[in-house]
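Please keep the sequence and the model in view while reading.

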Amino acid sequence: MKQENPEKLAHSREILQALKEARGGTLLDSHRQMGNDPHLAQMFLNQYQENAADTTIPRKYRELIVMAIGMATGTTTTFTVHAKLAQKYGASVDEICEVIRMIFFTCGVTKLLPVLENLDLEAIDL
């Protein structure tokens with residue numbers, strides 16, 4: 001299903017352009033899908049901007065926290081995107097693996113397996 005109202009689409013495009021700029025020039029397909037509802041797109045942009053403005057916790061740790069939340073809730077896009085961002089902002093493989101262990105400890109194997117299947121961790125050769 002797709003929004004057909006040209007005014008709503010135009011409004012959504014403006015909002016998504018602002019989100020793209022706030023994210024450093026990229027959008028995910030899920031962001032574009034939100035564009036079917038400019039109110040939802042605006043709410044997401046507002047939340048994104050509010051979260052980005054609060055920098056008490058260093059970026060690496062913020063990304064690790066969001067990654068962990070994505071893992072715990074089973075939101076693949078969230079944990080994969082934020083794992084990459086955590087690495088970009090200085091997280092090591094050991095730090096990411098420690099978060100994975102915490103998720104396994106607190107949430108169990110049903111959250112562990114999707115993480116291992118979707119994160120960009122290389123398999124160890126035997």
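Predicted model: local features only at pLDDT ≥ 70, side-chain atom pairs only at ≥ 80, totals over all residues.

Residues are numbered from 1 along each chain as its sequence is written, and side-chain values use heavy atoms, with hydrogens and water left out.

**Overall build**

The chain has seven helices and zero strands, so that the pattern read along the sequence is α-α-α-α-α-α-α; helices (H or I, at least four residues) and strands (E, at least two) are DSSP runs numbered from the N terminus. The C-alpha trace spans about 55 × 35 × 25 Å along its principal axes. Of the 126 residues, 29% count as buried, where buried means under 20% relative accessible area, exposed over 50%, and partly exposed in between (1.4 Å probe, protein chains only). Among contacts (heavy atoms within 4.5 Å) between residues at least 6 apart in sequence, 57% join residues at least 24 apart. The chain carries 13 positive and 16 negative charges, and their mean positions are 3 Å apart; Lys and Arg count as positive and Asp and Glu as negative, with His and the chain ends not counted, and each charge is placed at NZ of Lys, CZ of Arg, CG of Asp or CD of Glu.

**The largest pocket**

The largest pocket has a volume of about 850 Å³. A pocket here is an open set of points on a 1 Å grid over the protein atoms alone, where a 1.4 Å probe fits and protein lies on both sides within 12 Å along at least five of seven lines, and lining residues have an atom within 4 Å of a point. Its lining consists of 32 residues, of which Arg23, Tyr48, Glu63, His82 and Leu85 lie nearest the centre. Two or more lining residues come from each of helix H2 (29-34), helix H3 (38-53), helix H4 (59-73) and helix H5 (76-88), and H4 gives the largest share, eight residues.

**Individual residues**

Lys88 is found in helix H5 and is exposed, because its relative accessible area is 61%. Thr76 also belongs to helix H5, yet with a relative accessible area of 31% Thr76 is partly exposed. Pro58 sits in the loop between H3 and H4 and is partly exposed at 47%. Lys20, in helix H1 (residues 6-22), counts as partly exposed at 32% relative accessibility; leaving aside its neighbours within four places in sequence, Lys20 is in contact with Gly25, Thr26 and Leu27.

The table sets out C-alpha separations for pairs that include these residues.

| Pair | Apart in sequence | C-alpha to C-alpha distance |
|---|---|---|
| Lys88 and Lys60 | 28 residues | 8.0 Å |
| Thr76 and Leu119 | 43 residues | 8.7 Å |
| Pro58 and Val115 | 57 residues | 24 Å |
| Lys20 and Gln42 | 22 residues | 12 Å |

Note on methods:
Points joined across faces, edges and corners; volume = space filled by probe spheres on them.
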